[in-house]
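Please read these notes with the structure open beside you. They go through it point by point.

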Amino acid sequence: MTDDSIISWTVFFDDALFSAMAAIGFSSISHTPRRAYILCAVAAAAGHLLRFLLTMPGGIEMNIIAAATIAAFIVGIIAVFVAKVIKVPAEACLFPALLPMIPGLYACRAFEGFVGCLSNLDETLFSHNLYLFMSNGMTCGAIVIGMTIGANIPIFLMKKISFQVTR
Amino acid sequence: MTMTDFEAACEDVSFTGNARDALGRFLAEYSAWLWGCGATCVRIDKNVGRIAMTYGYRADVAVMPRHVTVCLSDEGGSVQTYTQRVVKAGINFDINTELSALSWSIRDGKLSLDDAEKRFRTIVGQLYVDNFHILWLTSLANASFCRLFGGDAAAMGVVFIATAAGYFLKQRFLRGKMDIRVFFFLCAFISATLASGCGLFGWGTTPGVAVATSVLYLIPGVPYINAASDMLACHYLCSFSRFADALVLTASLSLGLLTSITVMNNCL
């Protein structure tokens, strides 16, 4: 095994491990039933790693919105089947697993741009901040909508499982 | 269960008014709690419809920003409306799970309305103390976030401490019933200021990542996903309401972050 491939595997392992840890933390904030923590972590690791693989430079280099949508679809499928095993609503597994992919930094940067617009009357600075606001805000919104569409498709395709798991 | 069974079952329970009123009030409160703990409108519709159908009624739920309205109609065309103020319970998938299971127990005839009401009270009366394990798991989650955004070990350590401090304050503020927007601002300010330690003392090589990710534990992710889910299900009003709530909180925490950056830059 070459040094390069070892580095790549470490990067993939890091991405999966830390997104899983983030999912467990967000599960605890959302008071997800404890039996779901580990499975949420597995779903989050799979989704985040897939998004990472799809967007990584030198690979497919897919746009982050499309990659997030595809990754959320996979997380949705995992969540529906996991929900059936541990008897919790699909959303209880799905949402904490999606949270590591929520574009929080884009949202903060968009607001930063908005404040920049208000505090800079100079045309060049205003235009730059408006660009930051629009670019980050639109990307953030599109990622959230894309993720939600991707994640909801399995829930609606497998309605019988999704809405009867707590029976 | 037929209508007659239902009327009979409700005769020996302690509800005031007639059986239909008891069911209507129960459903309105049930919906308000489901909404409050972060269930999507599709789930609220399905759960409430399932319970109403068990007793021979049809339920139409209108979810507004501050209240939930349940229209209960019978086969004869008679309609009655029940309204309940939404419960601000905070996102809680445990309650969501229990309430969904309750609707199935009623549907499968395992519970009378009286027993369902008692179980409902037990579920919503559970005390969810924001205890120590949530504090350290949240801190660990945010430190992991820092790593995902390219932060080094020093940044992760500082973000862990900054998040622990911010979340500890959040727990105290929640108990003190402080306005949520104010404490989001304060928690973001405290976390970002502590995370500035990386830049201030020259710890690690990614101080910017530490500051930016120190407030991410406050991002209202579930309301954003819920808003988009409701929009896809054509519940536009509810979707907009959840989105506006999430946007206000994001603005509050961003303001806290920006204030901290400004103050720390001036100090430096």
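1. What distance separates the centres of domain 1 of chain B and domain 2 of chain B? Taken over C-alpha atoms, the centres are 35 Å apart. Domain 1 covers 3–124 and domain 2 covers 132–267; such bounds come from an automatic or database domain assignment.

2. A word on the source: this is a predicted model, in which local features need pLDDT of at least 70, side-chain atom pairs count only at pLDDT 80 or more, and totals for chains, interfaces and linings use all residues. Residues are numbered from 1 along each chain as its sequence is written, while chains are lettered from A and ligands numbered from 1 in the order in which they are written.

3. Chain A and chain B each put 39 residues into their contact (two residues are in contact if their C-beta atoms, placed from the backbone, lie within 7 Å). On the chain A side, H1(A) gives the most, with eleven residues. Helices here are DSSP runs (H or I, at least four residues), numbered from the N terminus.

4. Ala195(B) lies in helix H8 of chain B, residues 180–195. Why does Ala195(B) count as buried? Because 34 other C-beta atoms lie within 10 Å; buried means 20 or more such atoms within 10 Å of the residue's own C-beta, placed from the backbone.

5. Leaving out residues up to four places away in sequence, Ala195(B) touches several residues, including Val158(B), Ala162(B) and Ser214(B). The C-alpha atoms of Ala195(B) and Ala212(B) are separated by 8.6 Å, and the two residues are 17 residues apart along the chain.

Notes:
Helix = DSSP H or I, 4+ residues; strand = E, 2+ residues; numbered from the N terminus. Buried ≥ 20, exposed ≤ 12 C-beta atoms within 10 Å, placed from the backbone.
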